[in-house]
Amino acid sequence: FGVAHATYTTFLTAALQEDRHFALGTAALLYSLMGVTNIVGGAVFGRASDALGRKPLLIAGYALMLCCAASVCYGPSILGGLSPLFYGLVMSGVPTVVTAFVYGSVPPDATRVAYGAITLAVGVGNLAGPLIGGRLADASGSFRTTYGMVALTVIGAAAAALISLRIGQRRDAVVPVPELR
């Protein structure tokens, strides 16, 4: 998740301008609107995963991330413009579902370690993703290879998440996270 997320957001406005020929103002507006949809993404995905289960929402989240990454540079331009709006949803939605999964599948005394491991992995990805993505863009002269790498990384993240879900099914996969009062 860290590699895909950091790379997607770091190069988005440049990719929309250079590969999609959007005006700077349009690319910046789309980036800003991604932040708006990010606000609701966690709540939407969290409630939906309580109702439908963690696995279906993780699959949906990663599938949407894959489509968003691919559509930044591939396919019709309208998809490139819609991509940030949908990516905002998964930007907070996927971490919300992962948090609920950890809460529901890891014993309470082990949650700190589990969250620490996840945070470390995401942090390393946040560091490495833009470095690799930038080098790919420089080498190819386009962001197509960068967003292709993001798409492949999302596929790997989805596979890892699905494997983790299989391993973590020793407790009920749908355990609502208590509301803060």
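**View 1. Helices α1 and α3 cross with left-handed sense.** Left-handed here means that the near helix is turned anticlockwise from the far one by less than a right angle. The model is predicted: local features need pLDDT of at least 70, side-chain atom pairs count only at pLDDT 80 or more, and totals for chains, interfaces and linings use all residues. Residues are numbered from 1 along each chain as its sequence is written, and side-chain values use heavy atoms, with hydrogens and water left out. Helix α1 covers residues 2-18 and helix α3 residues 54-73; they pack at an angle of about 30 degrees, with axes 10 Å apart. Axes are lines fitted to C-alpha atoms over the stretch in contact, and angles run from 0 to 180 degrees between N-to-C directions. Helix α1 is therefore roughly parallel to α3 (angles under 35 degrees count as roughly parallel, over 145 as roughly antiparallel, 65 to 115 as roughly perpendicular and the rest as oblique).

**View 2. The contact of α1 with α3, by residue.** Helix α1 contributes A4, Y8, L12, A15 and L16; α3 contributes M65, C68, A69, V72 and C73. Contact means heavy atoms within 4.5 Å. The class count is 10 nonpolar, no polar and no charged residues. Ala, Val, Leu, Ile, Met, Phe, Trp, Tyr, Cys and Pro count as nonpolar, Asp, Glu, Lys and Arg as charged, and the others, Gly among them, as polar.

**View 3. Helices α3 and α4 pack against each other.** Their axes come within 8 Å and cross at roughly 150 degrees. That makes α3 roughly antiparallel to α4. This crossing is left-handed. Residues of α3 in the contact include R54, G61, M65 and V72; those of α4 include L79, F86, V94 and F101. By class, the contact holds 16 nonpolar, 4 polar and 1 charged.

**View 4. V102 in helix α4.** Helix α4 spans residues 77-105. V102 counts as buried, at 4% relative accessibility (buried is under 20% relative accessible area, exposed over 50%, partly exposed in between; 1.4 Å probe, protein chains only). Beyond its neighbours within four places in sequence, V102 touches A114, Y115 and I118. S140 is 38 residues from V102 in sequence and 39 Å away in space, C-alpha to C-alpha.

**View 5. The chain around these views has 6 helices and 0 strands.** Helices (H or I, at least four residues) and strands (E, at least two) are DSSP runs, numbered from the N terminus. The C-alpha trace spans about 50 × 30 × 25 Å along its principal axes. Of the 181 residues, 43% count as buried.
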